[in-house]
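Hi,

Here is the structure I promised to pass on. My notes follow below it.

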Amino acid sequence: MPDAPAQRRRLGAYLLALPTWVILGGAFLVPLAIMLGLSFAQRSTYGGIQPVDDLAAYVASGNFLANYARSLEPTYLQIYWRSLWLAVVTTALCLVVSYPIAYFVAVLAPRRWKGTLLALVVIPFWTSFLIRTYAWMLILRTEGLANTVLLKLGLVQAPLSLLYNDFAVMIGLVYAELPFMILPLFASLEKLDRSLLEAGNDLGAGDVSTFFRITVPLTMPGIVAGILLVFIPSLGQFVVSDLLGGAKTVLVGNLIQNQFAVARNKPFGAAIAFELTVVVLLLLWAYAAYARRQGNGASREVLL
Amino acid sequence: MSASDPSVEIEGVSKRFGDVVAVDDVTLRIGRGEFFSLLGPSGCGKTTLLRMIGGFEVPSAGAIRVGGADMTAVPAHRRPTNMVFQHYALFPHLTVAENVAFGFRYKEFPAGEHGRRVADAVGLVRLSGLEGRYPAQLSGGQRQRVALARALALEPQVLLLDEPLGALDQKLRKEMQVELKGLQRKLGITFVFVTHDQEEALTMSDRIAVMNGGKVEQVDGAAAVFERPRTDFVAEFMGAGNFFTATVEGVAEGVLSLSLRDGARFEVPAPAGFRGEQSVRFVVRPEKLDLRNRNLAARGIPSVRVTIEDRVYQGVSTVWMVASERGERFVVYEQNERPFEERGRFAVGATAFACWHPRHTVLLDAGAGDG
């Protein structure tokens, strides 16, 4: 029989967790369930939901999987492939760009500068993401800042078409996701014991060798966390590709958005969205497994 | 054991960090196979000096040679030295065996030997069977041994040890001191050992350099540093801080006649290079002082009249705090050879005479105190 204070404490803990449950349940689990249900339905002629008269017959006919079947058509597979590829490249670019920055701020920069440098990384968040993406349009368009500078410097004869292509989408994505890579990398680099690097040198490893044999493995939790934090949103992005990619770059995010807002095929949109959610959950599950294998909760504290 | 066959040569080495002079014009020769300690309080520059030998700091001035080769500008990973770090710096993502084998590829040891070399190094520090463990699964003492094995496995010419026993508890420390010394004797490698613990340095070292304020105050055999400190600082640091002043009455045939202000006259061997100073300063170690209730000056035994200020019973010994009539404070250690009841010869406040055999008079360098 547990004693009363312990019981009260447990009740208190549940109460403290209540807001989280309300938000998670109301804003995540319930919509997810609705979306799942929707994905099994059919679009009505005018963009609504076709009512199902005989549920048993509907299930037996297999029609409830029609949206999923359609989502695997080559046209769409191509879009998923593009999205995946773009997300992978974005993540890789973010990692390559972020590691030196995070390393500089965490290891090389004088201590008194750390706060300021970190603030510089976070400052873009003060402006709306949409506005920042529009700013890239101003920079990249034909008469934009980038082309003006290039022309004035005589580096190009005619303006380059920098906007409305994959290149522009990539820049926009990398720019948008950069802080989410830098921060976890910084956190794990900050914890890195500098004497381990000296020990590496002492044992005969040069700086490059020390970096790959000690720094990288020991900051792997930050690397993995950063990869997830960048890869997942990149996969579902639609604003950046909408604004910077023009009509040519359709990603899975745009596809879903189109089904709801333009094509008015909510069930089909729901099916694709649910597939995307499953992919993301699988990734998170793999990460959790990785974190468990690392033991000591060393990597869990970075993200989970 | 001598510096005639130098393993590490430090020539006029200085290190400045901004305005701070951490190491100030140090010159040392450390012999091959010698157990050499850098001893001093924190901030004396001993660790910085060690780090310069290891290649982790570049000297602001001077040169460092190891095995005759100039190492001053050689980066750490190309030096024939290996270090046991203060907090071990074991790689947490690697097992004991992987830690030990970390440097093998740079030494270009044949791959076929790696297993044997790991086994040898791990066996040397008596950790066989733990090769597969991660550092987090080891005790402090075991980690210490892994750090040692990892450094020794690369067969360095010189092993550098930066307060390696500092994090261990007292008992383990004592055991490791004996073990380290045994290991050094067995392997014949030069050990350069940094510590702030004088007892630790005395236990293990062949020679000790006592450092203070970035300078080397005295380099001597372990017993000599303890028994015959030459400067105020070394005397104080080695726990011999009973400072006396005597007037020089005469020098003849290498013998110095001294007189204390109390009137006691005694003779000591004149130090080499004595240049006829008017007075000399000297120390007498606390365990060499004796408390008597009679003045023994008449028998040629230097005696100083003191008042007992305090008495601390420490089991094995008793520590007496006494003060001369001029307010100089001395410490006297007495072995508790007699039963407790008979021991309390002097009450606090009583008068006694602090005496010593003249041969325990340790003259300090003239002008000692500024190096």
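How are H13(A) and H14(A) oriented to each other, roughly parallel or roughly antiparallel? Keep in mind that this is a predicted model. Helix H13 of chain A covers residues 252-261, and helix H14 of chain A covers residues 266-294. They pack at an angle of about 150°, with their axes 7 Å apart. Angles over 145 degrees count as roughly antiparallel, so H13(A) and H14(A) are roughly antiparallel to each other. The crossing of H13(A) past H14(A) is left-handed.

On the H13(A) side, the contact uses Val252(A), Leu255(A), Ile256(A), Gln259(A) and Phe260(A). H14(A) brings Lys266(A), Phe268(A), Gly269(A), Ile272(A), Ala273(A) and Leu276(A). By class, the residues of this contact are eight nonpolar, two polar and one charged.

Now chain A as a whole. It has 15 helices and zero strands. Its radius of gyration is 24 Å, whereas a compact globule of 304 residues would be near 19 Å. The C-alpha trace of chain A spans about 80 × 75 × 35 Å along its principal axes. Of its 304 residues, 30% count as buried. Among contacts in chain A with a separation of 6 or more, 71% join residues 24 or more positions apart.

Last, the contact between the chains. Chain B gives 18 residues and chain A gives 15 residues. On the chain B side, strand E6 (81-84) and helix H3 (104-107) each supply at least two residues. That side of chain B has ten nonpolar, six polar and two charged residues.

Best wishes

Terms used: Residues numbered from 1 in each chain as written. Chains lettered and ligands numbered in written order. Predicted model: local features only at pLDDT ≥ 70, side-chain atom pairs only at ≥ 80, totals over all residues. Axes fitted to C-alpha atoms, helices over the stretch in contact; angles between N-to-C directions. Helix = DSSP H or I, 4+ residues; strand = E, 2+ residues; numbered from the N terminus. Parallel < 35°, antiparallel > 145°, perpendicular 65-115°, else oblique. Left-handed = near helix turned anticlockwise from the far one by under 90°. Contact = placed C-beta atoms within 7 Å. Nonpolar A, V, L, I, M, F, W, Y, C, P; charged D, E, K, R; others polar. Rg over C-alpha atoms; globule rule 2.2 N^0.38 Å. Buried ≥ 20, exposed ≤ 12 C-beta atoms within 10 Å, placed from the backbone.
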